[in-house]
Amino acid sequence: MMPRLVRLYIQQVAIGFGLSAIFTTILIYFNVANLQRLVFGSSDGLLGLFLIFFFNGLVFAGAQFAIRIMRMGHEDEDDDDHHGGSGVRHSDPAPQPLPVRISVKS
């Protein structure tokens, strides 16, 4: 059986590459920066299209995984039981004077 964190990572990578596919399709469809002509008018256009998809997929997958990991602590909506530590007790003692030696050379 696969560990939960590995399964979570693979799931988020799949979502990130899915978002990349949608994003790349939108870029080509709306001809952003004349990409449509560049991709379909060049012999290396499909390689460029794949690279746009792949590198955007890496970025989106990393961002998707990071967001998912950071949100893991906030998923319990009915957080009635407090699982935190005992907390930090701050004590403010009255300031104590420090002994200072002053040596004056004449």
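The model is predicted, so local features need pLDDT of at least 70 and side-chain atom pairs count only at pLDDT 80 or more, while totals for chains, interfaces and linings use all residues. Residues are numbered from 1 along each chain as its sequence is written, and side-chain values use heavy atoms, leaving out hydrogens and water.

**The whole chain.** Display the protein as a cartoon: there are 3 helices and 0 strands, in the order α-α-α from the N terminus. Helices are DSSP runs of H or I with at least four residues, and strands are runs of E with at least two. Of the 106 residues, 13% count as buried, that is, under 20% relative accessible area with a 1.4 Å probe, protein chains only.

**Helix 1 and helix 3.** Select residues 4-29 (helix 1) and residues 45-70 (helix 3); they pack at an angle of about 135°, with their axes 7 Å apart. Axes are lines fitted to C-alpha atoms over the stretch in contact, and angles run from 0 to 180 degrees between N-to-C directions.

**S20.** Next, select S20 in helix 1. Is S20 buried or exposed? S20 counts as buried because its relative accessibility is 0%. Now show the residues around S20: it touches I52, F53, N56, G57 and F60, leaving aside residues up to four places away in sequence. Such a contact means heavy atoms within 4.5 Å. Finally, find the backbone nitrogen of G57, which lies 3.1 Å from a polar atom of the S20 side chain.

How values were computed. Buried means under 20% relative accessible area, exposed over 50%, partly exposed in between (1.4 Å probe, protein chains only). A polar contact is a pair of N or O atoms within 3.5 Å; within protein, one must be able to donate a hydrogen and the other to accept it, and residues adjacent in sequence count only if both atoms are side-chain atoms.
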